[in-house]
Amino acid sequence: MSEIFTENANLFVFPPSKSPHLLNPLVLAYIGDAVYEVYIRQYVISGANHRPNHLHKASTGYVSAKAQSKILEALMPMLTEEEVDMVKRGRNAKSGTTAKNAEVLEYRHSTAFECLIGYLYYKQSFDRLKEILDFALAYKRQS
């Protein structure tokens, strides 16, 4: 079983059809949402309480549009110029949908956060991605 969790294990072997810089920001947000969700689910499962209802409630505190919007706001001063540009692309993307439990601005900022995560993931900037994911986790734990 521990072989699955080795540092070099890569289950996700399907690269995007274009360079990450050229992908639609909503496509980056789509994969970024999944990457962030898996990260958070692994975190809550690492705790002691494995009741499904508890896992779901614990996860939603991190993955809601409101939470992601606040994380992004706190993260902005730490971002590089390239990362800020990606955030702006994600924030300005017109998705045609809105979150049922979020304000429009929160939803846009949440999409921007997910776009950044997706961009770093597809760019294979895994050290930077982990740094940002760890920041998000620490920020939400203290708030």
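**Helix H3**

I started with H3 and looked up its buried residues: Ala65, Ala67, Gln68, Ser69, Ile71, Leu72 and Leu75. Buried here means under 20% relative accessible area, with exposed over 50% and partly exposed in between, using a 1.4 Å probe and protein chains only. Helices are DSSP runs of H or I with at least four residues, strands are runs of E with at least two, and both are numbered from the N terminus. I then checked what the buried residues of H3 pack against, and found H1, H2, H4, H5 and H6. Contact means heavy atoms within 4.5 Å.

A note to myself on the source: this is a predicted model, where local features need pLDDT of at least 70 and side-chain atom pairs count only at pLDDT 80 or more, while totals for chains, interfaces and linings use all residues. Residues are numbered from 1 along each chain as its sequence is written, and side-chain values use heavy atoms, with hydrogens and water left out.

**Serine 110**

Which residues does serine 110 touch, not counting those up to four places away in sequence? I found Ala65 and Gln68, both of them on my list of buried H3 residues. Serine 110 itself sits in helix H5 and is buried, with a relative accessible area of 5%.

**Helix H6**

Next I looked at H6, residues 126-142. At 1.5 Å a residue, its 17 residues should span 24 Å, and the end C-alpha atoms are 24 Å apart, which agrees. The expected span is 1.5 Å times one less than the number of residues. Its buried residues are Arg128, Leu129, Ile132, Leu133, Ala136, Leu137 and Lys140. They pack against H1, helix H2 (52-63), helix H3 (65-75), helix H4 (81-92) and H5.

**The core**

Which residues touch the most other members of the largest nonpolar core? They are Tyr36, Phe113 and Ile132, in a core of 30 residues. H1, H2, H3, H4, H5 and H6 each supply at least two residues of this core, and H5 gives the most, with eight. A nonpolar core is a set of buried Ala, Val, Leu, Ile, Met, Phe, Trp, Tyr and Cys residues joined through side-chain atoms within 4.5 Å.

**Aromatic pairs**

A search of the whole structure gave me five aromatic pairs. Rings of Phe, Tyr and Trp (its six-membered ring) pair if their centres lie within 6.5 Å; planes under 30 degrees apart count as stacked, over 60 as edge-to-face and the rest as tilted.

The rings of tyrosine 36 and phenylalanine 113 have centres 5.1 Å apart and planes at 85 degrees, so I noted the pair as edge-to-face. It links distant parts of the chain, with tyrosine 36 in helix H1 (residues 25-45) and phenylalanine 113 in helix H5 (residues 104-122), 77 residues apart. Tyrosine 36 and phenylalanine 113 are both buried.

For tyrosine 121 and tyrosine 122, the centres are 5.4 Å apart and the planes at 50 degrees, so that pair is tilted. Tyrosine 121 is buried, at 16% relative accessible area. Ring pairs link Tyr121, Tyr122 and Phe126 into a cluster.

**Whole chain**

To finish, I stepped back: the chain has six helices and zero strands. Of its 143 residues, 36% count as buried. Among contacts between residues at least 6 apart in sequence, 71% join residues at least 24 apart.
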